[in-house]
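User: I have a structure open and I'd like to go through it with you. Can we start with charged pairs?

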Amino acid sequence: MNQMAEKRFMARALELAKKGYTSPNPMVGAVIVRDGDVIGEGYHVAAGQPHAEINALRGTNAQDSTLYVTLEPCSHYGRTPPCTDAIIAAGIKKVVCAMRDPNPKVDGIGKLREAGIEVVVGVLEEQARELNEIYIKHTTTGLPFVLLKTAMSLDGKIATHSGDSKWITSKRSRELSRELRGRYDSIMVGVGTVLKDDPSLRSSMGKDPLRIILDSKLRSPLDSKVFDDGNVLVVTSRHCERKRSEAFVERGIELLHSDHERPDMKELMKALSSRGITSVFLEGGSEVNGSAVRSGIVDKFLFFIAPKVIGGHKAPGPVGGSGFDTVSGSMGLDIKLVERSGQDIVVEAYPYNRS
């Protein structure tokens, strides 16, 4: 099989992988090919359900075929049996993996090669790593992957001097943002966002993420939309008013107490990871974003930029706080994608110093 064909089949596997909502598992797609024809396809739908390879093999005679899979097949028992056993039993003669699994428990490539199956690794690896950037970050560091998303005007304002921010970006951009939330375990905002906008913080795709509110003094109104169900966590200070804490607890709202007046972002990420949170969709205001950037927890930025000029030296920008002291010491970004969303521009970028 020539390299162009291999990339074409792997691209199809990557496309299939995007259909799943699999946290904390990786998103995986698989395509089975014999004599240049696709004879089976599958993807991992959700954690606890069959893996992509098993779904692709279902109802397929895969003898002497080639399997294209976006991640190294698992070789150990978890919620499901090892995929390598099924691949070997099916008589597949060649496996093409986009990338190795960063989980040290996995040695699917070794097991397949021991069984005499040819294995090729690295076809469209960059795309596969980007697809599973959340899984890779959490698996290799034990910490959640953090995306900072912000909507701003062309002159870098997220609201007017009076605080008005509805709506800076287009309806299409707002819909896209709600869709993206469903890819993350949690969505985080500060109390200022709750007070100003009273958002519900729901997703329009996949499952609703855990809503995390940073509210050191518990100023959030108890009738806020974000508290409509129990899928919320409020991060507050141990020194906040006791009666106010009791009112939240009586309302059935879970509190996570911090020893600091404002939460230490790095400590918070460790606490969230201990709760099984692998990713955070940060939609904070200027000060929360500034705190996140200064702490170095942000893995990825997503800027929605509207063709508007708001102006005003008191109008906030997307990243507040004290900022960096010098331009040379500021955070450099590697821009990976620039595209249109209606009349808006979407910029996807990563810090240069990310792990």
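Predicted model: local features only at pLDDT ≥ 70, side-chain atom pairs only at ≥ 80, totals over all residues.

User: What does Asp229 form a salt bridge with?
Analyst: Asp229 forms a salt bridge with Arg211, and their closest N and O atoms are 2.8 Å apart. A salt bridge here is a side-chain nitrogen of Lys or Arg within 4 Å of a carboxyl oxygen of Asp or Glu. The pair links distant parts of the chain, 18 residues apart: Asp229 is in the loop between β8 (210–214) and β9 (232–237), and Arg211 is in strand β8. Helices (H or I, at least four residues) and strands (E, at least two) are DSSP runs, numbered from the N terminus.

User: Ok. Is Arg211 buried or exposed?
Analyst: Arg211 counts as buried, at 0% relative accessibility. Asp229 is partly exposed, with a relative accessible area of 31%. The cut-offs are under 20% relative accessible area for buried, over 50% for exposed, and partly exposed in between (1.4 Å probe, protein chains only).

User: Which residues are linked with Arg211 and Asp229 in a network?
Analyst: Arg202 and Asp208 join Arg211 and Asp229 in a network of salt bridges.

User: How many salt bridges are there in the whole structure?
Analyst: A search of the whole structure finds 20. One of them is between Lys137 and Asp299, with the closest N and O atoms 2.8 Å apart. That pair also links distant parts of the chain, 162 residues apart, with Lys137 in helix α6 (residues 133–141) and Asp299 in the loop between α11 (286–295) and β12 (300–306). Lys137 counts as buried at 12% relative accessibility, and Asp299 is buried at 9%.

User: What about Glu283, which residue does it pair with?
Analyst: Glu283 forms a salt bridge with Lys149, the closest N and O atoms being 3.0 Å apart. Glu283 is in the loop between β11 (279–282) and α11, and Lys149 is in strand β6, 134 residues away. Both residues are buried.

User: You keep mentioning α11. Why is α11 largely enclosed?
Analyst: Seven of the 10 residues of α11 are buried, so the helix is largely enclosed by the rest of the structure. Among the buried residues are Val288, Ala292 and Val293.

User: What covers them?
Analyst: The cover over the buried residues of α11 includes β6, β7 (186–190), β8, α10, β11 and β12. Contact means heavy atoms within 4.5 Å.

User: And what follows α11?
Analyst: Gly296 follows α11, and its phi is positive, near 80°. Gly296 lies in the loop between α11 and β12 and is exposed, with a relative accessible area of 54%.

User: Which residue other than glycine has a positive phi?
Analyst: Leu218 has one, about 55°. Leu218 lies in the loop between β8 and β9 and counts as buried, at 2% relative accessibility. Asp64 also has a positive phi, near 60°; Asp64 counts as partly exposed at 44%. Most residues other than glycine have a negative phi, and most peptide bonds are trans.

User: Where is there a cis peptide bond?
Analyst: A cis bond joins Ser23 and Pro24, with omega about 5°. Pro24 is in the loop between α1 (3–17) and β1 (29–34). The bond from Lys166 to Trp167 is also cis, with omega near -15°, and Trp167 is in the loop between β6 and α7 (171–181).

User: Last topic, β6. Where is Met152, and what does it touch?
Analyst: Met152 lies in strand β6 (residues 145–153) and is buried, with a relative accessible area of 11%. Leaving out residues up to four places away in sequence, its contacts include Ile158, Phe303 and Pro318. Met152 and Lys308 are 156 residues apart in sequence, and their C-alpha atoms are 8.6 Å apart in space.

Definitions and conventions
Residues numbered from 1 in each chain as written. Heavy atoms only, no water.
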